[in-house]
Amino acid sequence: YQYMRNIIISSGINAEYGELALRLFLQAALCCDLMGIQSAETIAYEFVSQAFAIYEEEVSDSKAQLMAISLIIATFERTINFSEENHEPIRSQCLRASSKLLKKPDQCRAVSLCSHLYWSGKNRENSGAPLKETKRVLDSMKKAVRISNQCMEPSVQVQLFVELLNKYV
């Protein structure tokens with residue numbers, strides 16, 4: 001895994017390949033997670049951390065940021081062998097990164113995506129069953145509603161409310 005890490009890092013040194021490196025780190029994290037052994041969790045956590053580092057340092061375009069955080073959230077939602085000790089910081093980091101997006105509509109969409117991590121996300125303590133943390137899901141969705149209320153254009157605001165209503169249902 002050290003060899004894979006070095007290859008991915010060297011490919012991501014050039015700014016134009018940062019998004020490719022992010023995708024490769026996330027794919028490597030999924031592969032490690034599927035192995036299901038204890039040491040693989042540490043390696044998978046490292047790969048997710050590297051993906052976040054690339055997201056924060058290399059991805060600057062607002063559309064690319066939304067795509068990248070969506071990809072990180074979706075990838076992490078598919079993991080099943082993380083312990084709660086490692087799962088919670090990554091969920092929180094996803095929520096923080098989503099809240100820092102430049103455009104309010106992007107923030108709203110990303111924060112609402114984070115609610116999936118608290119509902120259908122899985123960890124080892126739950127034996128791979130969905131977490132279904134209703135309070136955290138509700139908090140994420142309320143935050144998304146607050147963000148959508150801050151949008152200035154009424155048409156965008158209505159569109160976001162409809163998207164949020166679809167997620168609620």
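1. Glu163 is partly exposed, at a relative accessible area of 27%. In this predicted model, its salt-bridge partner is Arg109, with the closest N and O atoms 2.8 Å apart. The two residues link distant parts of the chain: Arg109 sits in helix α6 and Glu163 in helix α8 (residues 154-168), 54 residues apart. Arg109 is likewise partly exposed, with a relative accessible area of 24%.

2. A salt bridge also joins the side chains of Arg124 and Glu41, at 2.7 Å from N to O. This pair, too, links distant parts of the chain, its members being 83 residues apart. Glu41 belongs to helix α3 (residues 38-58), while Arg124 lies in the loop between α6 (104-119) and α7 (134-149). Glu41 has a relative accessible area of 5% and is therefore buried, the cut-off being under 20%. Arg124, at 31% relative accessibility, counts as partly exposed.

3. Asp139 and Lys135 form a salt bridge through their side chains, with an N to O distance of 3.2 Å. Both residues are in helix α7; because they are 4 residues apart there, about one helical turn separates them. Asp139 is partly exposed at 34% relative accessibility, whereas Lys135 is exposed at 58%.

4. Salt bridges with shared partners connect Glu84, Glu88, Arg91, Glu133 and Arg136 in one network.

5. In total, the structure contains 7 salt bridges. Among them are Arg109 with Glu163, Arg124 with Glu41 and Asp139 with Lys135.

Key: Residues numbered from 1 in each chain as written. Predicted model: local features only at pLDDT ≥ 70, side-chain atom pairs only at ≥ 80, totals over all residues. Heavy atoms only, no water. Salt bridge = Lys/Arg side-chain N within 4 Å of Asp/Glu carboxyl O. Buried < 20%, exposed > 50% of the residue type's maximum accessible area, 1.4 Å probe, protein only.
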